[in-house]
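Q: I'm new to reading protein structures. Please pick one part, take me through it slowly, and then show me how some other places compare.

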Amino acid sequence: KTTEYPHKAVVSTQSTGRMSSLKLQKRLSASVMKCGRKKVWLDPNEASEISNANSRQNIKKLIKDGLIIKKPQTVHSRARCRKNREARRMGRHTGTGKRKGTANARMPEKVIWMRRMRVLRRLLKKYREDKKIDKLMYHALYLQSKGNIFKNKRVLMEHIHKKKAESARLKTLQEQAEARRHRSKAAHERKLARNAQKNAEMFAHIEDNVAEEES
């Protein structure tokens, strides 16, 4: 049977050994190999033999013979992603043109505050356990941290060292003042004793003179 077209050459529509559809074989192969149909490769040179396989047992035999193969997994490389991530850590590709949200949406202020508080409170707890600060100083610094007095851990450490140095200086001054008070008190007592002794000697001398005059 032929069909004539006025502007084209004669085309034959008679079947000329066209390869049969292998939908069934592809579906069975995908089921047997537990993959998708796109992963199934059928040998085009053995199409006639594959078309005769209409059971899972026959499909397994063809898979064993190598006529049906499961295609390898498509490579999805992360090399470019890793390279870009390293560049972002160095500050590249993060300009205004790359930003999609507000500053607070990209890094919430609450998260920054929570992280800062946890750092400061961990430091205070460690210092208290190591006996570097007492519980009174711990409580005062805890409330000051909550009141946004310290910007970071370094500022808090400097404040603690300054506080401890000031406390040591005041303690030294108090000890020196106490020692001066003791020294002055002892000197005053010695002076009183000397005066009393002098008065006693003087009175004794006067009494002796009076006794001599009377005799």
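A: Let's begin with a term: helices (H or I, at least four residues) and strands (E, at least two) are DSSP runs, numbered from the N terminus. This is a predicted model, in which local features need pLDDT of at least 70 and side-chain atom pairs count only at pLDDT 80 or more, while totals for chains, interfaces and linings use all residues. Residues are numbered from 1 along each chain as its sequence is written, and side-chain values use heavy atoms, with hydrogens and water left out.

Our part is helix H1, which covers residues 23–33. Its buried residues (under 20% relative accessible area; exposed is over 50%, partly exposed in between, with a 1.4 Å probe and protein chains only) are Gln25, Leu28, Ser29, Ala30 and Met33. An α-helix has 3.6 residues a turn, so residues three or four places apart point the same way. The cover over the buried residues of H1 includes strand E3 (40–42), helix H2 (47–51), helix H3 (56–65) and strand E4 (68–70). Contact here means heavy atoms within 4.5 Å.

Next comes the core. A nonpolar core is a set of buried Ala, Val, Leu, Ile, Met, Phe, Trp, Tyr and Cys residues joined through side-chain atoms within 4.5 Å. The largest one has 13 residues, and Met33, Val40, Leu42, Ile50, Ile59, Leu62 and Ile68 have the most contacts inside it. H1, E3 and H3 each supply at least two of its residues, and H1 gives the largest share, 3 residues. Leaving aside residues up to four places away in sequence, Ile50 touches Leu22, Gln25, Leu42, Asp43, Leu62 and Leu67. A second, separate core has 12 residues, including Leu123, Leu141, Phe150 and Leu156.

Most residues other than glycine have a negative phi. His93, not a glycine, has a positive phi of about 60° and lies in the loop between helix H4 (79–89) and helix H5 (103–106). His93 counts as partly exposed because its relative accessibility is 39%. Lys131, also not a glycine, has a positive phi of about 65°; its loop runs between helix H6 (109–129) and helix H7 (135–146). With 71% relative accessibility, Lys131 counts as exposed.

Finally, look at helix H8 (residues 153–214), where Val210 lies. Val210 is partly exposed, because its relative accessibility is 38%.
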